[in-house]
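Trainee: Please take me through one chain-to-chain contact in detail. Then put it beside the rest of the model.

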Amino acid sequence: MNEPVLEIRNLNVDYGLGDQAVHAVRDVNLTLHRGEVLGLAGESGSGKSTLAYGLTRLLAPPGVITGGEVIYHPEKADPYDVLALSDNNLRKFRWAETAIVFQGAMNSLNPVHKISTQLNDVLQAHEPKMSAHSRNARCREMLKLVGISADRMDAYPHQLSGGMRQRVMIGMALILQPQVVIMDEPTTALDVVMQRQILGQLIELRERLGFSVIFITHDLSLLVEFSNRIAIMYGGRIVEEAPAAALYRDSLHPYSAGLLGSFPALRGPRRELSGIPGSPPDLKGMPSGCSFHPRCPKAFDPCSEHIPVLGRPDTTDGSTRTVACHLHPAQVPAGVSSPGER
Amino acid sequence: MTIPTSSIDQVIPGEGAMAQPEAATPTKAKRQRFRFLANAKATTGLVIMGIYLLFAVIGPWVAPYDPNARSNDLVAPPSGAHWLGTTHLGQDVLSQLLVGTRGVMVVGLAAGIAATIVSVVVGVSAGYLGGGWDDTLSALSNVFLVIPALPLIIIVASTFENAGSSIVAVTIGLTAWAWGARVLRAQTLSLRKRDYVEAARASGESTWRVIFFEILPNLSAIIASGFVGTVIFAVSTEITLAFIGIGGISNWNWGEILFWAQSQQALSQGAWWWFVPAGLAIAFLGTALSLINFGIDEFVSPRLRSAGKTKIKTASGHTVRMRVGFTPVLANTAAPRTHAVPLPINLNGATPVLRSSGKEGAQ
Amino acid sequence: MKYILQRIAFYVFTAWAAMTLNFFIPRMIPGDPISALLARFQGQMNTDAIESLYVLFGIDKDASLWSEYVDYWKQLFNGDLGLSFSAFPTPVSEVISEALPWTVALVGITTVISFLLGTGLGVVAGWRRGTWVDGVLPVTTFLSSVPYFWLGLLAIYVLAGPDSFFPSSGGYDAGLVPYPDWAFISSALQHGILPALTILISSVSGWILGMRNMMVTVAAEDYITVAHAKGLPERRVAVAYAARNALLPNVSGFALALGFIVSGTFVLEIVFSYPGLGFLLFRAVGAKDYPLMQGIFLIITITVLVANLLADIVYLLLDPRTRKEG
């Protein structure tokens with residue numbers, strides 16, 4: 001469980017160039033371990049989707065990666081930096097090692113091609129030696145896996161419901177048996193029943209196939225239920241990272257506390273719902289110091305001056321969690337914590 | 001269960017955050033308004049257009065000769081006396097061109113205005129009123145869309161004895177509105193479903209008030225682009241009509257210059273100065289109008305906006321291009337860019353209280 | 001299938017509207033140019049021919065508008081478009097049927113080539129956005145603003161002439177008879193190249209710009225990002241995902257463009273004295289040959305409607321969403 005599969009090191013992503021640039025992701029360090037579900041939460045504009053697209057270099061212009069490394073650890077080979085791959089090698093890496101289930105299933109499928117064609121495309125690109133017959137069999141198998149009958153193979157996307165389309169996308173993501181699956185708000189467009197059904201199915205598939213998941217959503221309640229660890233993003237930075245249960249029980253960063261306070265508890269005693277005052281920061285004019293300080297109920301002097309370090313706090317379970325808050329000064333900065341890992 | 005509010009609640013919550021969006025909104029709106037003018041294409045188009053309008057006004061005064069005046073220099077190439085040469089009757093081509101600008105612009109703009117009015121009335125009514133109105137008006141505009149306009153215009157204009165420029169303008173205006181109406185209908189349909197329009201309707205505002213104050217202002221960019229589009233069509237049509245000898249006999253429309261050039265064998269005489277300048281004048285006018293329309297398009301649909309600089313230098317000195325699907329990587333090092341700092345030691349005194357609160361929660 | 005039936009119904013309606021318009025235009029002419037012309041041919045025309053012109057132009061003041069309208073339709077269904085004044089006493093339908101193939105061949109072939117070429121170049125320009133290809137755009141904008149006929153004049157001035165390979169006027173050598181043998185066909189091709197090139201150069205820019213903009217718009221769609229994320233080859237993403245979708249609005253934009261291209265070609269035919277409908281219309285206007293003008297308008301409208309129907313069928317084949325399920 002502790003073996004890393006994807007390590008993000010000081011990833012920086014800008015939109016635009018020069019003075020006009022907006023820093024959407026700043027010095028993000030995050031490690032995905034083999035077999036785990038890592039949740040990534042934050043308000044819209046916190047940089048969580050940018051982070052996911054940035055690490056596979058899928059950001060549309062004017063997105064630019066201005067620094068960082070994304071180290072991928074294949075199962076039986078030496079680790080390598082995804083950001084340093086050539087275009088051709090990156091194409092080979094994509095989907096075979098890291099697949100993505102995108103936000104909004106409506107537009108993820110090409111409207112003019114059959115489902116079978118779009119599934120086949122992946123196999124044709126990555127396994128050119130595969131025969132047409134076995135490609136077809138594989139596509140059917142994948143659809144069956146996500147609960148879609150094989151006779152929908154020749155359907156066009158507009159003939160499927162939103163839930164079915166998202167299942168097709170999940171099936172497509174798993175077709176090459178990748179190590180990592182990134183899910184970007186995979187169920188936001190669906191109704192609540194469908195959401196849980198699909199996520200439940202996904203967790204089951206993960207147990208069977210053993211891939212790791214980065215699960216991005218603004219809905220912290222889903223993460224608490226479905227993920228092993230949770231990272232909270234704010235203003236392009238990770239502000240807290242902890243095991244899901246620990247975060248739920250005892251969030252250290254005031255922003256995490258605010259997020260947790262803004263939806264009803266699933267179990268346990270009732271608590272008062274409270275939103276977070278104010279709105280997410282304008283990325284163009286980020287506050288100095290800790291970017292949350294203008295909204296923070298507990299901000300004090302240094303918050304507006306110094307950017308807090310993401311590191312292990314001095315708490316009893318501090319060894320497995322990190323936080324970037326002056327209320328909980330880092331005992332060991334996160335970046336320094338694991339020098340032996342590479 | 002939640003972290004207890006600490007005693008160091010120094011910042012008034014919400015103050016900074018509330019101030020931000022308030023301040024951001026007006027500057028953003030301002031920026032948007034100026035973005036159209038900042039668009040290089042639109043500016044270029046508007047400048048060229050301005051020059052044409054200027055000559056439409058002052059053309060007849062600055063023309064060195066009477067465009068009808070004959071001289072003894074027959075089909076003379078450009079010279080000091082006649083900058084753009086002369087015609088078969090010794091008329092000055094430059095003067096004809098300058099005098100003709102007004103006619104071209106007046107007919108083009110008049111037809112554009114007429115077509116725009118019709119398209120707004122038909123398109124907005126169809127989109128807003130819906131039902132039977134929509135079916136009828138949509139069918140009408142689709143019919144006008146597919147009927148080839150020029151032959152129709154030629155027939156209508158030629159049935160009038162000596163069709164003047166006003167008849168030409170009206171005929172063009174009445175046949176060129178359909179495309180604009182179709183686009184406006186679609187946009188009105190989507191606007192009608194927006195919350196603020198629904199709200200205005202629900203609060204009992206009259207149909208006309210909703211159309212004028214809620215719908216039309218939001219259609220302005222599309223109306224403008226439709227107007228420019230019809231002016232392009234009108235200018236090319238009126239020049240074509242003049243070229244084949246219909247309408248605009250007296251005002252030296254550029255098409256008329258070309259008509260004489262063609263019928264008096266300018267081609268076989270090698271008199272390029274007779275037909276090249278008029279054609280270039282038409283082409284540049286059309287280009288200017290197209291550029292304005294590109295500007296509007298990019299204003300309305302940000303995806304078309306060019307991303308400015310598309311080639312970037314990476315830290316290692318390579319040049320990469322911004323493109324979809326392969327985000328450029330400028331620097332590939334794991335060194336942090338912004339430096340988060342651990343708190344200076346002297347501030348540690350403030351934290352113990354809070355640290356204990358964290359421990360409390362963990363138990 | 002339902003979609004195609006709807007479109008056919010619409011085109012039938014449009015044809016009806018165009019013909020009704022055709023019926024009313026001569027009735028709105030101030031003055032009575034027809035009677036004067038009729039008087040000129042009085043002795044040479046049989047009563048049937050005169051009767052048919054009366055119906056077409058509403059000269060018979062005694063008949064009610066409705067009965068005239070019914071007669072007008074009866075005549076159209078018999079293929080009777082009246083007699084041409086300028087080519088008297090040849091029926092209009094005969095005059096038109098001689099000119100129609102020239103226009104259809106010239107416009108049809110060049111429009112298809114122009115569409116394919118322009119769309120292909122537009123795909124490249126849109127996909128390679130931000131490279132040197134962008135520098136071509138101002139040129140295409142300028143070319144699409146040049147009137148067809150002026151480009152035709154330039155082409156004749158620069159390329160044609162007594163010693164040149166390209167003839168400056170006509171559709172075939174004056175010494176030949178229109179007969180499908182090699183001498184005639186090669187002569188027709190030789191005469192057609194210059195007008196065709198001119199149409200191609202003026203019209204291709206519009207397709208390039210339209211397709212380029214659609215490519216840029218489509219490139220921001222989610223399914224393009226997904227295609228990249230799937231690690232598909234660049235070519236596959238550009239063609240099967242981006243271009244395939246960007247093509248759809250371009251095909252449906254065909255309707256607007258076709259009328260425009262036909263108009264442009266008409267004037268170009270005049271410049272090249274090409275024996276098609278445009279040149280015929282020009283001569284009819286000059287001779288005040290109203291029956292011929294009306295006939296040309298009808299035929300060209302119907303031809304454009306048929307071309308539009310073909311474009312609709314192509315669209316149907318390209319976009320599964322318009323196809324009925326099952």
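Mentor: Start with the interface of chain B and chain C, where the rule finds zero salt bridges. A salt bridge here is a side-chain nitrogen of Lys or Arg within 4 Å of a carboxyl oxygen of Asp or Glu. This is a predicted model, in which local features need pLDDT of at least 70, side-chain atom pairs count only at pLDDT 80 or more, and totals for chains, interfaces and linings use all residues. Residues are numbered from 1 along each chain as its sequence is written, chains are lettered from A and ligands numbered from 1 in the order written, and side-chain values use heavy atoms, without hydrogens and water.

Stay with chains B and C. Two residue pairs across this interface are in polar contact, both residues being at pLDDT 80 or more. (A polar contact is a pair of N or O atoms within 3.5 Å; within protein, one must be able to donate a hydrogen and the other to accept it, and sequence neighbours count only if both atoms are side-chain atoms.) On the chain B side, α4 (131-146), α5 (149-159), α9 (207-243), α10 (254-263) and α11 (272-300) each supply at least two residues that touch chain C. The largest share comes from α11(B), with twelve residues. (Helices are DSSP runs of H or I with at least four residues, strands are runs of E with at least two, and both are numbered from the N terminus.) By class, that side of chain B has 35 nonpolar, 14 polar and six charged residues. (Ala, Val, Leu, Ile, Met, Phe, Trp, Tyr, Cys and Pro count as nonpolar, Asp, Glu, Lys and Arg as charged, the others, Gly among them, as polar.) In residues, the contact takes 55 from chain B and 57 from chain C. (Contact means heavy atoms within 4.5 Å.) Together the two chains bury about 4900 Å², 74% of it on carbon and sulfur atoms. (Buried area is the accessible area, with a 1.4 Å probe, that two parts lose on being put together, summed over both.)

Now turn to chains A and C. They bury about 2100 Å² between them, 59% of it on carbon and sulfur atoms. A:R91, A:V112 and A:D121 supply 25% of the area that chain A buries there, more than any other three residues. The contact takes 26 residues from chain A and 22 residues from chain C. The salt bridge count between these chains is two. In one of them, C:R236 pairs with A:D121, and the closest N and O atoms are 2.8 Å apart. From chain A, α3 (105-108), α4 (115-126) and α6 (162-174) each supply at least two residues of the side that touches chain C. The most comes from α4(A), with six residues. By class, that side of chain A has twelve nonpolar, eleven polar and three charged residues.

Next, salt bridges elsewhere. Over all chains, the structure holds 17 of them. A:E7, A:R9 and A:E69 are linked in a salt-bridge network. Within it, A:R9 and A:E7 pair with their closest N and O atoms 3.0 Å apart. A:R9 is buried, at 17% relative accessible area, and A:E7 is buried at 4%. (Buried means under 20%, exposed over 50%, partly exposed in between, with a 1.4 Å probe and protein chains only.)

A:E36 pairs with A:R229, closest N to O 2.7 Å. A:E36 lies in the loop between β2 (22-33) and β3 (37-41) of chain A, and A:R229 in strand β9 (residues 229-234) of chain A, so the pair ties together parts 193 residues apart in sequence. Both A:E36 and A:R229 are buried.

A:R138 and A:E141 form a salt bridge too, at 3.4 Å from N to O. They are three residues apart in helix α5 (residues 132-145) of chain A, about one helical turn. A:R138 is buried at 14%, whereas A:E141 is partly exposed at 47%.

Last, confidence. The model scores ipTM 0.87 and pTM 0.80. Chain C has a mean pLDDT of 81, and 86% of its residues reach 70 or more. Where pLDDT is low, the predicted coordinates should not be read in detail.

Methods
pLDDT is the predictor's confidence in each residue, from 0 to 100.
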